[in-house]
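Walk me through this model, please. Start with a sheet, then turn to a metal site.

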Amino acid sequence: MVKRAPWQLAAAGFLISIFQSILVHNEAVNKCLNDDCGKNASCDNDYGNGSCSCEPLFWRETNKNKTFNNGSENDCISCRFYMKVSENDACIAGYRLCQDDRKCCVINSCSSKPCGRHAICHLDCGDYFCQCRSGFQLPNGKSRFKNMNENNCKDIDECKQNVSICGPRGSCINTEGDYHCKCKQGYGKSFKDDRKLCRDINECNENPCDKTASCNNYEGSYSCSCPSGYFQYSDAVQEDKTKIKCK
Ligand SMILES: [Ca+2]
């Protein structure tokens, strides 16, 4: 048997502990990938390390808590209001009496606009949280924050994040909160499909050729040519294709 020096054993132990912590971490992330939390709930890494939690404005019927382990435990119900057990009970923090004084209604904590620029305030059960608007993100990778002081919502540079985002026919231009694709000549955007993807323009739809010539669309451009049985009598070349005339 090969003898190991104490420092070698310590190094091996250290590597094993790193490996184990990676495994534990991946397990928490994978739990969210399976996302089997059920109705009005989602798997949320910000809450309870990758366990299930009721969505904003929902809580658990059993204990007004948010988190649970899996879909079979899901009992999320709306928390916009709740019925008091007895008439003399005070409402819990973040709630006030509704007009019906057996009920407590959630206070709109977002009305004071606590989140700052490029962010959206989400009302929750007696509470609120902030998230960057789409097109922005927190550089620390978290998805939620609590107030303006923590607001560090920065534009996502979609062009750097995905260099092929515009496809082979467009070049990406990053903008604050968004991006757009500038199409190469002969390509344009179709509003019917993805407004950002550049597709071949069928120039023939606009009848650009002389009425005696026929139009042929192809990827990125088009040509004008004489139909079979006709010959070209103008001396125009394809660079000047709209002047091609046939008889
Ligand atoms: Ca952007």
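In what order do the three strands of the open sheet lie? The order is 6-8-7, and the pairing is antiparallel. Strands here are DSSP runs of E with at least two residues, helices are runs of H or I with at least four, and both are numbered from the N terminus. Two strands count as paired if DSSP finds at least two bridges between them.

This is a predicted model: local features need pLDDT of at least 70, side-chain atom pairs count only at pLDDT 80 or more, and totals for chains, interfaces and linings use all residues. Residues are numbered from 1 along each chain as its sequence is written, and side-chain values use heavy atoms, leaving out hydrogens and water.

Strand 7 (95-97) pairs with strand 8 (residues 103-106) in the antiparallel sense, over three bridges. In that pairing, L97 stands opposite C104 of strand 8.

Next, the calcium ion. Its donors are D155 (OD), D155 (OD), I156 (O), E158 (OE), N174 (OD1), T175 (O) and D178 (O), at 2.3 to 3.0 Å. A donor is an N, O or S atom within 2.8 Å of the metal, or 3.2 Å for Na, K and Ca; water is not among the atoms, so sites may look incomplete. Along the sequence, the donor spacing reads D-I-x1-E-x15-N-T-x2-D. I156 and D178 link distant parts of the chain, 22 residues apart. I156 lies in the loop between strand 12 (154-155) and helix 2 (158-161), while D178 belongs to strand 14 (residues 178-183).

How accessible are these two? I156 is buried, at 14% relative accessible area. D178 is partly exposed, at 28%. Buried means under 20%, exposed over 50%, and partly exposed in between, with a 1.4 Å probe and protein chains only.
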